[in-house]
Amino acid sequence: MKMQLENVKLNLDTELVLNVGDPIGKTNAPRCYNKLFERLDMNAIMLPCEIKKGQLPEFLHACRLMGIHYICPTMPHKGDFVDLLDDVDETSRLFHSVNAIRLDENGSHGAGMDGKGAVQAMLDAGVSLEGIDVLIYGAGGISGVAAYELSRQKVRKIYIANRTRENAEKIADILRAHSDTEAEVIGTDPESLDQAAQQCRLFANLTPLGMKGYGQSFEYLGFIDRMPETAAVFDCVINPPETEVIAAAKRKGLKTVPGMKMLVAQMDVIFEFMFGRRITQEDQQACIEELCSYLQVPTEI
């Protein structure tokens, strides 16, 4: 499957959308964005752009100079952009993370859509969230926004498992101050994970553990076998589509929500925020097929 990109006119009206990170070589976002630009006949193209940490002020100035209006940050810039923008949404302000930026005549505007995409993917998969206990793994950029969006779905309690307790406590404190959801920080040792998993109907990996090329994986996943039969498992990792977490959940017979579903689920809110356009479920499915074709994996994820 090849994108024709006949929608890109290569003129002064062509919008250049930049996917910014460091490193940026393994990004999958341009496959999704460019597929959607093609389907919506938008004169736009996304390209990856590697910008070093500390260079974001100069980068924003260059964007203004070149008439670039749209930026999609990824690691490690999601937090660093926040203080440079004129305004951000509530979730981004609380957890210091944006992944969609719009530059216009009224200033620079940022929003964090990772959490919305993660929760929407869960809901689309039929996961019931209200009143349940949740175990999340990790306290990085996506963890806070995902936890906050889960709290807005009225989950009862969120266990945050992280090696560095201080980072997890920051997320827990924000949840306690800005939501009615209980929050408890636990360790990543087998005993702590096993104990929490027994009462949780959702586990969410919000780290890059298991990602292709990352070089690190989970030391222990046995806690998934302790989860109730009605539980669901989510993994934010996109490549490979079936991670070790998803595979362990399937062996247990649990409902699974792979990271690719999160990526496409957030495209609707991103496109509305950045371009004022809405996308359909058919558009989302086209993105999944494009990614699977690119990654040379089956589309039945």
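Biologist: How many strands does the open sheet have, and in what order?

Modeller: Start with the general idea. Strands of a sheet pair through backbone hydrogen bonds, either parallel or antiparallel. Now this model, which is predicted. Its open sheet has six strands, in the order β2-β1-β3-β5-β6-β4. The pairing is mixed.

Biologist: Which strands are the edge strands?

Modeller: They are β2 (44-50) and β4 (87-88). Each of these pairs on one side only.

Biologist: Do β1 and β3 run parallel or antiparallel?

Modeller: Parallel, and four bridges join β1 to β3. In this pairing N19 stands opposite C72 in β3.

Biologist: And how many bridges join β3 to β5?

Modeller: Two bridges join β3 (residues 70-73) to β5 (residues 100-104). These strands run antiparallel. Look for Y70 opposite R102 in β5. Then find I71, which stands opposite I101 in β5.

Biologist: Which way do the residues of β3 point?

Modeller: The general rule is simple. In a regular strand the side chains alternate between the two faces of the sheet. In β3, Y70 and C72 point one way, while I71 and P73 point the other way. All are buried.

Biologist: Where is Q266, and is Q266 buried or exposed?

Modeller: Q266 is found in the loop between α9 and α10. Q266 counts as buried because its relative accessibility is 3%, and buried means under 20%. Beyond its neighbours within four places in sequence, Q266 is in contact with N99, M113, D114 and G117.

Biologist: Which residues of α7 are buried, and what covers them?

Modeller: In α7 (residues 190-197), the buried residues are L193, D194, A196 and A197. The cover includes β7 (133-137), β8 (157-161) and β9 (182-186).

Biologist: How many residues does the largest nonpolar core have?

Modeller: The largest nonpolar core has 37 residues. Those with the most contacts inside it are M122, L129, I136, L150, I158, L175 and F234. Helix α5 (residues 141-152) gives the most to this core, with six residues.

Biologist: Take L175. What is L175 in contact with?

Modeller: Leave aside its neighbours within four places in sequence. The contacts of L175 are then F95, A147, Y148, S151, I158, I160, T181 and A183. There is also a second, separate core of 31 residues, which includes A44, L263, I279 and I288.

Biologist: What volume does the second largest pocket have, and how many residues line it?

Modeller: Its volume is about 290 Å³. The second largest pocket is lined by 15 residues. Nearest its centre lie D124, K261, V264, Q284 and I288.

Biologist: Which elements give two or more residues to that lining?

Modeller: They are α4 (114-124), β12 (255-257), α9 (259-265) and α11 (281-295). Helix α11 gives the most to the lining of this pocket, with four residues.

Definitions and conventions:
Residues numbered from 1 in each chain as written. Predicted model: local features only at pLDDT ≥ 70, side-chain atom pairs only at ≥ 80, totals over all residues. Heavy atoms only, no water. Buried < 20%, exposed > 50% of the residue type's maximum accessible area, 1.4 Å probe, protein only. Contact = heavy atoms within 4.5 Å. Pairing = 2+ DSSP bridges. Core = buried A, V, L, I, M, F, W, Y, C linked by side-chain atoms within 4.5 Å. 1 Å grid on protein atoms, 1.4 Å probe; cavity = no way out; pocket = protein on both sides within 12 Å on 5 of 7 lines; lining within 4 Å. Points joined across faces, edges and corners; volume = space filled by probe spheres on them.
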